[in-house]
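Colleague: I am new to this structure and would be grateful for a close look at a single part of it. Please take me through that part in one connected account.

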Amino acid sequence: DKLDGRVVLPTNVVPLNYDIELDVDLNGNRFTGKETITCEIKELTNTIKLHSELLQIQSTKILIHQDKTEQEPTTIAINLKQKTVSFIFSEHLPIGKLDLTIHFSGEINDQMAGFYRS
């Protein structure tokens with residue numbers, strides 16, 4: 001799905017809150033970060049799809065609120081053309097809330113995309 005050239009994400013997973021921590025090395029033009037997104041799963045799915053550009057994903061896990069269990073995706077699929085990342089799990093995620101935690105890194109760039117110098 002595209003809307004004015006933008007990729008529209010599926011509506012089966014709805015973000016409720018974002019908590020982002022960044023460690024920036026301005027001299028080295030690099031950064032690392034941790035993001036925890038509280039999401040609500042509205043329909044059964046085994047995939048969480050997000051917008052992502054110019055990031056390297058180090059690790060990802062979810063914490064399911066209902067039973068306090070953690071899972072890691074079996075596959076992390078990056079689509080450079082759509083500028084998305086999909087976290088694919090071995091089983092359907094239960095309807096309800098979960099926390100998705102992503103550890104990532106990247107370069108501070110001058111491409112006016114991602115984390116860039118201004």
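Modeller: Let us begin with the loop residue K68. K68 is located in the loop between β6 and β7 (69–71); helices (H or I, at least four residues) and strands (E, at least two) are DSSP runs, numbered from the N terminus. K68 counts as exposed because its relative accessibility is 60%, where exposed means over 50% relative accessible area, buried under 20% and partly exposed in between (1.4 Å probe, protein chains only). Between the C-alpha atoms of K68 and L98 there are 9.0 Å, although 30 residues separate the two along the chain.

This is a predicted model, in which local features need pLDDT of at least 70 and side-chain atom pairs count only at pLDDT 80 or more, while totals for chains, interfaces and linings use all residues. Residues are numbered from 1 along each chain as its sequence is written, and side-chain values use heavy atoms, with hydrogens and water left out.

In β9, F87 is the bridge partner of I48. Strands β5 and β9 run antiparallel and are joined by six bridges; two strands pair if DSSP finds at least two bridges between them.
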